[in-house]
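This report looks at a single chain and at how its parts are packed against one another. Please keep the sequence and the three-dimensional view at hand while reading.

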Amino acid sequence: MSEASTYEEDFWEDDSDDDWLTDTPVTYREAVASLQTLVTQHADVQVYWNGRRGPDNDARVTFAGPDPLHVRLRSATQLAEFTRLISSGIPLPDRHAVWYPQEQVIKARLIGDFDQFHSVLAQQILPKARRAVDPDSALGRDLAGLLAEVGAFHTSEPATSGVAPGRTMRLVAVPWDLGLLYRARHGSGLSPALELTQASACNREEAEQELTNYGTSYLFGLGKATGASLRLWNTEYRKGSRRGPSHSGKVRFPTRRYDSHPAELYGAGNSLARDPVERYLKYYQVLEYYMPKAVAAAVAAQGVARAALATSPFGRPRGSDRLDVERNALDAVIDSVVTPQQLAHLLSDSDLFATMNSTQVIQHVQALASDASGGLLAGHDYRSDVSLRVYGIRNRLVHMKEGGGPKGLPLLAPYSREARDLAADLRTVRFLAEHAMERWSTAL
């Protein structure tokens, strides 16, 4: 005896109307075609594709602007994300940000000391937390969830005239759009981004300025309140050499005794955790430490009674060549620690010399002279020029008067393009610091 179903039909057996349960996959070619159709309505965006696939052949989406932004469509699965960006977003590449005019929202990438930020964030949940946060720990996952879901350090401005809502700002996890546009890594969900809502900008320039003004002020206030060290991205491309010093890797048993204070300064200058400006000043302080010894030796060699009567070994103009002036005391140090041949050997690195020969990479300081082909001048003693350059950079770092002070030199700020281009000059001042340490070391 067969069993009959008590139901008139079994809907599980008829799946003719169940197509809505699965999406029809979109091919890469179809995704590109869809975007190419979409950009016909947006004159500031173009889609280029040669019809082939591969890392160098993926379609390129170009967002127009003063500095055009080129982004690769890596997969058809990114179609929805690119569609939203093209339809409603305007990238702000100089700040690694994106502006949504209709939504009045600006999102911006942040950089800085993330480990410190994680500790500050952890204290919002556990006020007594002091240890570094492991992103894979339970606390790390909680913090990532906090950033992703609700954000952190919310602040709002009062509503205008009690009617229009004021701007709001908070830190959030790096969102998908910043990751797509700028390949910003999410860092296990703990890399922060800044979100500004109710932005009042009317065009791209105003949006970037609004982000800069309010973002900088917000992050300064965050630093005051919590100690966090975060800043907005600033895209100013390097113009100079990025090559750092070469290291032998060989550690020998010590046979010389080095002065402890400059050794500590030299070690601090080697710390990659410090910004280039700070590192440069640490190496310079090694040279500064030995100025009294170098000046004393020059005074004795010249047979005069005091530094005010001695002159620079590099023949500075009469009246401005006294050794009781720091600029000329630096001349005495460099004259004591390196020979023209030793310095020429360092400058024979073409990348390093090209940077120090340029008047555009680090501006308003001494540029090294070159021959017609851009190479070193044969037989030229570069110590005088290098001394002026080292001291000139020192002045632009130390004298931070608004407007540049009496001499009108612009600031060389810690996170400026020029600061990121200090690699060649860092190598040079480090080289001089090492030779100064060696010059005044003694046998163990």
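Strands, as the term is used here, are DSSP runs of type E with at least two residues, while helices are runs of H or I with at least four, and both are numbered from the N terminus. The model is a predicted one. By these criteria the chain has 15 helices and 12 strands, and of its 444 residues 40% count as buried. Among the contacts in the chain with a separation of 6 or more, 61% are between residues 24 or more positions apart.

**Two loop residues with positive phi**

Most residues other than glycine have a negative phi. His 96, although not a glycine, has a positive phi of about 50°, and this residue is found in the loop between strand E4 (90-92) and strand E5 (97-100). Gln 198 is likewise not a glycine and has a positive phi, of about 60°; its place is in the loop between strand E9 (192-197) and helix H6 (204-226). The table sets out the accessibility of these two residues together with that of Thr 212, which is found in helix H6.

| Residue | Relative accessible area | Class |
|---|---|---|
| His 96 | 11% | buried |
| Gln 198 | 28% | partly exposed |
| Thr 212 | 18% | buried |

Since buried means under 20% relative accessible area, Thr 212 counts as buried because its value is 18%. Leaving out residues up to four places away in sequence, Thr 212 touches Arg 95 and Leu 232.

Which residues of helix H12 (residues 350-357) are buried? They are Leu 352, Phe 353, Thr 355 and Met 356, and because they cover an arc of only 160° around the axis, they lie on the same side of H12. An α-helix has 3.6 residues a turn, so residues three or four places apart point the same way. The cover over the buried residues of H12 includes helix H11 (340-347), helix H13 (383-398) and helix H15 (423-439). At the N-terminal end, H12 is capped by Asp 349, which has a side-chain oxygen 3.0 Å from the backbone nitrogen of Asp 351.

In soluble globular proteins, nonpolar side chains tend to be buried together. The largest nonpolar core here has 52 residues, of which Leu 330, Leu 347, Val 390, Ile 393 and Leu 432 touch the most other members. At least two residues of this core are supplied by each of helix H8 (276-289), helix H9 (291-302), helix H10 (326-337), H11, H12, H13 and H15, and H15 gives the most, with 8 residues. With its neighbours within four places in sequence left aside, Val 390 is in contact with Tyr 280, Tyr 284, Leu 330, Val 429 and Leu 432. There is also a second, separate core of 32 residues, which includes Val 133, Leu 147, Ala 173 and Ala 201.

**Enclosed space**

Rolling a probe the size of a water molecule over the atoms shows where empty space is left. How many cavities of 30 Å³ or more does a search of the whole structure find? The search finds 1, and the largest cavity has a volume of about 30 Å³. The residues that line the largest cavity are Asp 44, Val 45, Phe 63, Ala 64, Gly 89, Ile 90, Pro 91 and Arg 204.

Technical notes: Residues are numbered from 1 along each chain as its sequence is written. This is a predicted model: local features need pLDDT of at least 70, side-chain atom pairs count only at pLDDT 80 or more; totals for chains, interfaces and linings use all residues. Side-chain values use heavy atoms; hydrogens and water are left out. Buried means under 20% relative accessible area, exposed over 50%, partly exposed in between (1.4 Å probe, protein chains only). The arc is that of the directions from the helix axis to the C-beta atoms. Contact means heavy atoms within 4.5 Å. A polar contact is a pair of N or O atoms within 3.5 Å; within protein, one must be able to donate a hydrogen and the other to accept it, and residues adjacent in sequence count only if both atoms are side-chain atoms. A nonpolar core is a set of buried Ala, Val, Leu, Ile, Met, Phe, Trp, Tyr and Cys residues joined through side-chain atoms within 4.5 Å. On a 1 Å grid over the protein atoms alone, a cavity is a set of points where a 1.4 Å probe fits but cannot get out, and a pocket is an open set with protein on both sides within 12 Å along at least five of seven lines; lining residues have an atom within 4 Å of a point. Grid points are joined across faces, edges and corners, and a volume is the space filled by probe spheres set on the points.
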